[in-house]
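Q: Can we go through this model together? I'd like to begin with the holes inside and then move on.

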Amino acid sequence: MSDGEDSLEEKLRKFRLWKEASAEGSLSFGSTNDSAGTNSTTDHDQPSTMDRRPKPPPHLRGRALGMYYRNLSLRNKQQNSQDAGTSGTGRGHWRDERHKGLQRRKAQERSSYEANEPGSSSRFRRFQDQRDIQLEDRAEGPPLGLSGREIGLFYRDRSKQQRDKKNAVDITLPGWQIREIRDRLQIARGIEQSDVYREFVENDNIRSVFKNEYLRVISKTLQETLLEESEKRDDGEHYEQHALDEELLQQHDQFLRSKHPLCEFRRRLPAYESRTTVLDMIERNQVILVKGETGSGKTTQVPQYILEEASACGRGARCRILCTQPRRISAITLARRVADERGESLGRSVGYQIRLEAERPRASGGSILFCTTGIVLSIMQSDPLLREYTHLVLDEIHERDVITDLLLAIIRMVLPYRKDLRVILMSATLTAETFSEYFNHCPVVEIRGITYPVREFYLEDVLNELKFYSFDDNSSAGRGGWQRRQGQQRQQDAFYDMIEPYCEQVRDRYPAPVLRALRNPASETKQNELIVELLYYLTCAKPDGAILVFLPSVAQITDVYKMIREHRQLSQARLAVFPLHSKLPTREQTAVFDRPPTGTRKIILSTNIAETSITIDDIVYVVNAGRHKLNWYENGISVLRDEWISVSNEIQRKGRAGRVREGICYHLYSRARRQTLPENVPPEILRVSLDEVILQIKILQLGEARSFMNLLLDKPPAEVIEESLQLLNQLNAIDDDQKLTPLGYHLARLPMDPRTGKMILLASIFSCIDPITSIAASLTFKNAFYKPLGKEKEVDRIRRKFAKDSASDHIMLANVLAEWREQTNKGGFCGRNFLNGATLQQLNNMKGQFCEYLHTAKFVAAAHPQSKPDNRHSDNMELLRAIVGAGLYPNVATVRKVIRSRNSPDGRAILSIQGQGRAEIHPGSVNGNRGVFSSNFIVYYDMQKISSLTIFDTTVVNPFPLLFFGDNHVETEGDHELISIAGHYCLKCDKETYLLIQDLRERFNLFLQKQICEPSPVDWDSQDGEMLRRVAIILLITIDCKFEDGFDDDDAEDSEQSYGGPR
């Protein structure tokens, strides 16, 4: 050790001398130290160099011990050099002064750097000494408030980002190529920004039908339009008798004398007793509310009463009734039923209209039109006063879907301008008062409900009757992540708090085994075996009658169906078992209405679709599992929750029994649980994204979105409104002042969500209309595939066959429609491939509707989807994927790694979504079991949190469409620009290349805005056509994919751990 290194003993000796000197009034430690050094020079007091050499810590071994001595040697050399520098006094005083000045300047710069002042940090980043590194670590440290696992995730993500930057793919173009592209397309560096939309509005030389309509929408409010339209009406117009009046009067007289069974059936309905009261209320009030339970006949009878009363008064031809339904199937079945009761076919006095399908009643009047709620909004875009109709019947308003809530608010605004319009609201009993208050306490007429009494039994009664006491509770207790275990514990605590007091209360009424079973949490969550045993009991011990079982999901319907087939006794019984849910083909849905042969028990396993949409007359027994699936929109995610039903749902389900004789309803939850059920399900407008709603608000001239939402029955959460406004602004559908842009106008007119609408507008520009309209129709309507019970894997195999090598659910759907169109035997094709022929025909009709709109607006050359001029590039797979990616942006996930396991030998992708964390692809996707990806990026149409964060309808896309059409973050590092897409640094290039891409992107955006304002088919021989070809070349660039690939021996455990955030 050198003399400059003090041992511990020497330091202690100096410390004692310093204390003594302090006590004696010594001026400084330095003087004491110097004197001490001069006085202790004897061999006895001065230790040797070997004695003063510090010993290494005893725990160091091997390489660590060597590193210790190396660092010690370096420190000694540094100290020796400093001593030599200070001892050389011959170098002059000016050097010391210069050194001090440099040190002062450096200290000032460092102070500015540490204070994060602008322009002060670059010098110290080049030094990279230990203090700077520590400072940068502190600057990039985790945000305040993070702890434990969250801090680890922060550093993990930062490490991943640094790794991404290192592996970014270089896309730098040669200088000569950049110059050639700029010269060819006449693109100057840094294109000047221009507001095409503002110029379009303010330029008086531009005249078109579209411009006139667009200016009308953005320049007037609904109140101004209503005032103008009301002034055009001649309410004092004298009514002239019509030949149809005599025909309707004769038809009414025939009904009064008729003994037809349907006429007798109508007279026996509970609604018939209230006929006079209802009609009197309608005559004296502009708005009334009819409330009645299931089976009262209010939906089918009230519209007929109104028409018959007008006919009896000789004014039947003037009566036009518009009756809304929340679902398509309801509108169609009700129209057919009412036409049958009136003894006529559809198209005379009764009709229906749903999207893309209509059988409208006669135009001369005296009519009832059943339609979905959205049709009314479409009518009001051109006829805000509903001048064509005398009565508006809003049925099933207690369901509180988004469109119904929107329509109720609009109707309140219309009523002052249409004093002759009569509005009849119809609702279930529990929610009626809410609607009455909303319409200024309008009068209420109540119609009694169920024809026959229904006995109700709860879980404890069922367990006691069946002697069923055991529930299989092999849930994943102790498995999964910490957050999941905590959630399970909270649920169990709440369950015990609810059930224990009740069990004490009824301990004298039920035997101990029943109470023990009630205390088991699995009695509410593991009920499949109980349901099957109850079905066996009903089949064997109860009189004939159909059984309706309400289950929360299609998955549980499948499980119970399989258990019935495998049950020793039920499998031998004469049963007709039908699943019923919205994904089934119409012919399979309508099969549930057929009565089975004598001696055969009909069992229907249904979701909540059977609550209100349909009525099955032979139902005698209802089994109510008490749960349903609800969508909730939280933090940008659609979360599908399995929740308890409400009291109003229970009443609706109970009302399905007792239609033909006394019924029985078995609720598979305890009376204690029943006391915790909410009165009503939260309205849909509180649970969904609002981007489509806001577009409707704009196209209907309802003003500022936030202000109008205050007029609704329930105001949506402010954060959801803001997220939807940001999305529409990002899509350029509204501007910064929330005004509808020309693009937003087109998106609102198209019957689809905004992102899908943008997709088909891009398809019209890049000339690939046929496949993209197929994709848009499938996403807007529904999937043409259906999955018979037990055939799920075979259907997935067929889907992958149709996808070919596209790695896209969306292009797979386009391929299905294209192949179906070429078939001569379409029925056989559909049967072999589990396709719904009616759905495919509907999708084909929708394609035609989309193209008709695009052709009318002059975006495309022809109104036919297969037009050759509009499909120049329909065979270019990469371009199709690019347009899908551009339309669905910002719904982007990145592949983090692929896991291969026993259950997924081909592979299962683990994804990362910016701001959401870890996600997976739904197994039903063609990419669900993909092990090799051509790109790290996957776009998706929908995301839900079921048991984990899951994406649906996916397409693998290259990053360039996302770079070109979406937002991206750029960071300069050295002489390169690092480009981040969806939070993933994947590309880098030099400054000139990046500026070219940005200028080309800006040029395309200007072209797109001009096309939106003045639509016309693209001339591919023009300079704009050349620009589009260059854009297409960029979109088709591919880069190698990089992700981890590993084998997980227990992927089930991996999937259960930690969906609380990224790992």
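Q: Which helices each supply at least two residues of the lining of the largest cavity?
A: Those are α12 (222–232) and α19 (373–382). Helices here are DSSP runs of H or I with at least four residues, strands are runs of E with at least two, and both are numbered from the N terminus. A cavity is a set of points on a 1 Å grid over the protein atoms alone where a 1.4 Å probe fits but cannot get out, and lining residues have an atom within 4 Å of a point.

Q: Before going on, what kind of model is this?
A: This is a predicted model, where local features need pLDDT of at least 70, side-chain atom pairs count only at pLDDT 80 or more, and totals for chains, interfaces and linings use all residues. Residues are numbered from 1 along each chain as its sequence is written, and side-chain values use heavy atoms, with hydrogens and water left out.

Q: OK, back to the cavities. How many are there of 30 Å³ or more?
A: The structure has 4 of them.

Q: What lines the largest one?
A: Its lining is R216, L222, T225, M380, Q381, P384, I699, L700 and Q701.

Q: New topic: which residues touch the most other members in the largest nonpolar core?
A: Among its 156 residues, those are I410, L425, F766, I772 and F1004. Helix α44 (residues 991–1013) gives the most to this core, 10 residues. A nonpolar core is a set of buried Ala, Val, Leu, Ile, Met, Phe, Trp, Tyr and Cys residues joined through side-chain atoms within 4.5 Å. Buried means under 20% relative accessible area, exposed means over 50%, and partly exposed is in between, using a 1.4 Å probe and protein chains only.

Q: And what does I772 touch?
A: Not counting residues up to four places away in sequence, I772 touches M759, I760, A763, L880, I883 and V884. Touching, or contact, means heavy atoms within 4.5 Å.

Q: What about the chain overall, how many helices and strands?
A: The protein chain has 46 helices and 26 strands. Of its 1063 residues, 50% are buried.

Q: Where is the cis peptide bond?
A: It joins Y889 and P890, with omega about 15 degrees. P890 sits in the loop between α42 and β18. N891 is in the loop between α42 (877–888) and β18 (892–900) too.

Q: Is N891 buried or exposed?
A: N891 is buried, because its relative accessible area is 11%. Leaving out residues up to four places away in sequence, N891 touches R755, I938, V939, Y940 and Y941.

Q: What is the phi of R400?
A: Phi of R400 is near 55 degrees, again a positive value in a residue other than glycine. R400 is in the loop between β7 and α20 (402–414), and R400 counts as buried at 9% relative accessibility.

Q: Last one: where is T950 found?
A: T950 is in strand β22 (residues 949–957). The C-alpha atoms of T950 and A919 are 5.6 Å apart, although the two are 31 residues apart along the chain.

Note on methods: On a 1 Å grid over the protein atoms alone, a cavity is a set of points where a 1.4 Å probe fits but cannot get out, and a pocket is an open set with protein on both sides within 12 Å along at least five of seven lines; lining residues have an atom within 4 Å of a point. Grid points are joined across faces, edges and corners, and a volume is the space filled by probe spheres set on the points.
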